[in-house]
Amino acid sequence: MIDWLLQEDTALFLYLNNLGSPTWDGFWMFYTAKFNWIPFYAFLLYLLFKNLTRKQFILMVFLIAFMVTFTDQITNLFKMNFERLRPCHNESINQLMRIVRPGCGGRFGFFSGHASNSMAVAVFAGLMLKNKYRYAIYLLMLWSFGMAYSRVYIGVHYPLDILCGMLFGGFSGYLFYKLFIYLKAQLISKYKW
């Protein structure tokens with residue numbers, strides 16, 4: 001069963017990866033780079049800041065930092081324990097795929113850190129903004145899906161890597177959102193926040 005799943009995952013990867021073209025390579029390389037999204041993250045923080053008190057905002061920023069660290073470290077734990085080679089390190093498919101990114105990253109790719117971190121941010125921020133901006137969570141999830149797809153496009157993750165990363169990231173974002181709500185309620189009742 002596992003062998004069949006991995007075979008199908010590889011076939012889907014090759015199909016999706018080979019849909020790319022040099023025309024779109026620059027766009028997806030830009031999209032996948034975390035540094036390029038700093039203005040987007042700043043805008044998200046601004047929207048969140050507008051809806052919270054200063055102390056609540058500080059608590060939220062601390063929890064977001066903890067959430068991203070948690071998600072990232074669990075991702076690395078999975079990569080080191082599963083040891084599934086990234087497609088670009090897999091010599092049996094190197095000649096069949098498009099490798100867009102110069103340099104492949106670490107050897108192992110299960111599951112995707114980009115997918116898990118972006119989905120965690122999307123779910124957390126979307127839930128925080130849902131009362132003020134009704135469609136925020138859908139737009140943020142669309143952004144996260146784009147981030148996940150970019151990893152297949154450039155040749156560094158299989159679809160299963162990104163699917164598992166997104167599921168874990170969604171769980172992490174929801175968990176930290178609930179933690180924020182709980183801590184905020186505790187602090188309001190004790191310290192009149």
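**Core, helix pair and a loop glycine**

Beyond its neighbours within four places in sequence, Phe13 is in contact (heavy atoms within 4.5 Å) with Pro87, Ile93, Met97, Val152, Gly155, His157, Tyr158 and Pro159. This is a predicted model: local features need pLDDT of at least 70, side-chain atom pairs count only at pLDDT 80 or more, and totals for chains, interfaces and linings use all residues. Residues are numbered from 1 along each chain as its sequence is written, and side-chain values use heavy atoms, with hydrogens and water left out.

Phe13 also belongs to the largest nonpolar core, which has 47 residues. Such a core is a set of buried Ala, Val, Leu, Ile, Met, Phe, Trp, Tyr and Cys residues (under 20% relative accessible area, 1.4 Å probe, protein chains only) joined through side-chain atoms within 4.5 Å. Met60, Met67 and Trp143 are also among its residues with the most contacts inside it. H5 supplies the largest share, eleven residues. Helices here are DSSP runs (H or I, at least four residues), numbered from the N terminus.

Now the helix pair. H3 (residues 38-50) and H4 (residues 54-82) pack at about 145°, axes 10 Å apart. Axes are lines fitted to C-alpha atoms over the stretch in contact, and angles run from 0 to 180 degrees between N-to-C directions. Leu45, Leu48 and Phe49 of H3 meet Phe57, Met60, Val61 and Ile64 of H4.

Last, the loop between H4 and H5 (113-129) holds Gly105. Gly105 is partly exposed, at 40% relative accessible area, because that value lies between the 20% limit for buried and the 50% limit for exposed.

Key:
Helices (H or I, at least four residues) and strands (E, at least two) are DSSP runs, numbered from the N terminus.
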